[in-house]
Amino acid sequence: MLEMAWNRLMDNETAIMGLYGMSGVGKTTLLTQINNKFRETVDGVQNKKFVLLWDDIWRKVDLTEIGVPSPTRENRCKVVFTSRSREVCGRMGVDDPMEVHCLTNNEAWNLFEKKVGPLTLKSHPDIPEQARKVAEKCRDLPLALNVLGETMSNKRTIQEWHHAVQVLNSYAADFSVSCDQVLNRAGSCLWRKGNHIGNLEKNLVALEKSMEVLKARRDDVLTRVQREEAKGQQRLNEVQVWLTSVHTIENHFDDLNITRTMELQRLCLCGVCSKNLKSSFHYGRRVSQMLKEVENLKSNGVFEAVALEKPDMRCVVEERPLQPVIFGQETMLEMAWNRVMDNETAIMGLYGMGGVGKTALLTHINNKFRETVDGVQVVIWVVVSTGREDSR
């Protein structure tokens, strides 16, 4: 389906494309895959002024009213939208929209089996049969299979699975009308401890407290690092990786917090269900996953050492051949070396008549850099003489 949608979108004759199908069939997932595919191709958007991806529209939208130019072949713009209604697609000017179909029976079972997990399926010999019944009630809808699969992943008694089948038998006929409504009703009966929606408020509070502890630990580690670096030490790579991970998770937490109030307002039935199941389920799952990541970072943020001595940085210098003794110039070498290593010395000159030993003294200075770990990193030797080419 992704390949078909992508090929049609990339067709120069396609300016606006509609994807339609019933709730929970996978329209948003398909649109997300199209979005991500643009990151994998070089030619996808370079010849387009823009590509607008619009999810879940319920009525005709006049693009010009919201400041979007009508897509045409000439202006090289494209619009892709999803809707539950084929009629809406027609009103948007798409006479041949693409229908997003349900999964096949085998695909549906494979998805549900993966979400439930082998541990639960093997916890009782009769559970696989009941799991098949639950999967069938999902009518091959990916959203229903995902949500109910995760919900049932911690149900390891046959009584819980019998109860789930009974609940779904009461509402399964409504899947063809509204996946969200049926999942809301079933969820209110099935969801208990361990689900993303029912534990959303508790997980948000726990996440906020864990983030405060993590930030405090980050500040303590950073203070130690800065103190050691002031002594000339170098921070450990594992400490830097941990600090970067904390910075990343902090940004994700801030993003998550933006919609916190709105998501909490969607909860109903004493917090065990939602007015918008799809949104609350995905938000609750993000909160649960982030809480685990923060707890892992907290436990990994204890370091016996945060820095170590910097490795020796010997100067890159080519040793030049020279007699081991400077006849009568040992004192001169010491004086010259002390001056060149003085922080106040930026440029130093040595002069004298031909044959007095200037080149020999300079060569000893060059070779002396190989004996020290401090100072310059690279030494460059250049000979400049009248009538000769420069050499290094």
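The questions and answers below set values against cut-offs, for a model that is predicted.

Q: What makes up the protein in helices and strands?
A: The protein has 15 helices and 8 strands. Of its 392 residues, 38% count as buried.

Q: What share of the contacts with a separation of 6 or more comes from residues 24 or more positions apart?
A: Such residues account for 76% of those contacts.

Q: Why is Thr82 called buried?
A: Buried means under 20% relative accessible area. Thr82 is at 0% relative accessibility, so the label applies.

Q: Where does Thr82 sit?
A: Thr82 is in strand β3, residues 77–83.

Q: What makes β3 mostly covered?
A: In β3, 7 of its 7 residues are buried. Cys77, Val79, Phe81 and Ser83 point one way. Lys78, Val80 and Thr82 point the other way. Residues of both sets are buried.

Q: Why do side chains in a regular strand point to two faces?
A: In a regular strand the side chains alternate between the two faces of the sheet.

Q: What makes the link between the side chains of Thr82 and Asp55 a polar contact?
A: A polar contact needs a pair of N or O atoms within 3.5 Å. The side chains of Thr82 and Asp55 are joined at 2.5 Å. A polar atom of the Thr82 side chain also lies 2.6 Å from the backbone nitrogen of Asp56.

Q: Which residues is Thr82 in contact with, leaving aside its neighbours within four places in sequence?
A: Contact means heavy atoms within 4.5 Å. Thr82 is in contact with Leu19, Lys27, Leu31, Trp54, Asp55, Asp56 and Ile57.

Q: How do you know that β2 pairs with β3?
A: Two strands pair if there are at least two bridges between them. β2 and β3 are joined by 5 bridges and run parallel. Leu52 stands opposite Val79 in β3. Leu53 has Val80 as its bridge partner in β3.

Q: How do you know that β1 pairs with β3?
A: The cut-off is again at least two bridges. Here 5 bridges join β1 to β3, and the two run parallel. Tyr20 stands opposite Ser83 in β3.

Q: What is the order of the 4 strands in the open sheet?
A: The order is β2-β3-β1-β4, with parallel pairing. The edge strands are β2 (50–54) and β4 (98–99), since each pairs on one side only.

Q: Which strands does helix α2 lie across?
A: Helix α2, residues 27–37, lies across β1 (16–20), β2 and β3. Helix α2 runs at about 145° to β1.

Q: How many aromatic pairs does a search of the whole structure find?
A: The search finds 5 aromatic pairs.

Q: Why is the pair of Trp109 and Phe112 called tilted?
A: Rings pair if their centres lie within 6.5 Å. Planes under 30 degrees apart count as stacked, over 60 as edge-to-face and the rest as tilted. The centres of Trp109 and Phe112 are 6.3 Å apart and their planes are at 35°, so the pair is tilted. Both residues lie in helix α4 (105–116), 3 residues apart, about one turn of the helix. Trp109 and Phe112 are both buried.

Q: Why is the pair of Trp242 and Phe303 called edge-to-face?
A: The centres are 5.7 Å apart and the planes are at 80°, so the pair of Trp242 and Phe303 is edge-to-face. This pair links distant parts of the chain, 61 residues apart. Trp242 is in helix α11 (237–258). Phe303 is in the loop between α13 (277–300) and β8 (307–309). Trp242 is buried, as is Phe303.

Q: What links Trp109, Phe112 and Trp161 into a cluster?
A: Ring pairs do.

Q: How do you know that the charged end of Lys368 sits over the ring of Trp337?
A: The charge must be within 6 Å of the ring centre and within 35 degrees of the ring normal. The charged end of Lys368 is 5.3 Å from the centre of the Trp337 ring and counts as over the ring. Arg132 lies over the face of Trp109, at 4.0 Å from the ring centre.

Q: What makes the link between the side chains of Arg285 and Glu150 a polar contact?
A: The limit is 3.5 Å, and these side chains are joined at 3.0 Å. Arg285 is found in helix α13. Not counting residues up to four places away in sequence, Arg285 touches Lys115, Glu150 and His196.

Notes
Residues numbered from 1 in each chain as written. Predicted model: local features only at pLDDT ≥ 70, side-chain atom pairs only at ≥ 80, totals over all residues. Heavy atoms only, no water. Buried < 20%, exposed > 50% of the residue type's maximum accessible area, 1.4 Å probe, protein only. Polar contact = N/O pair within 3.5 Å; in protein donor to acceptor, adjacent residues only side chain to side chain. Axes fitted to C-alpha atoms, helices over the stretch in contact; angles between N-to-C directions. Phe/Tyr/Trp six-rings, centres within 6.5 Å; stacked < 30°, edge-to-face > 60°.
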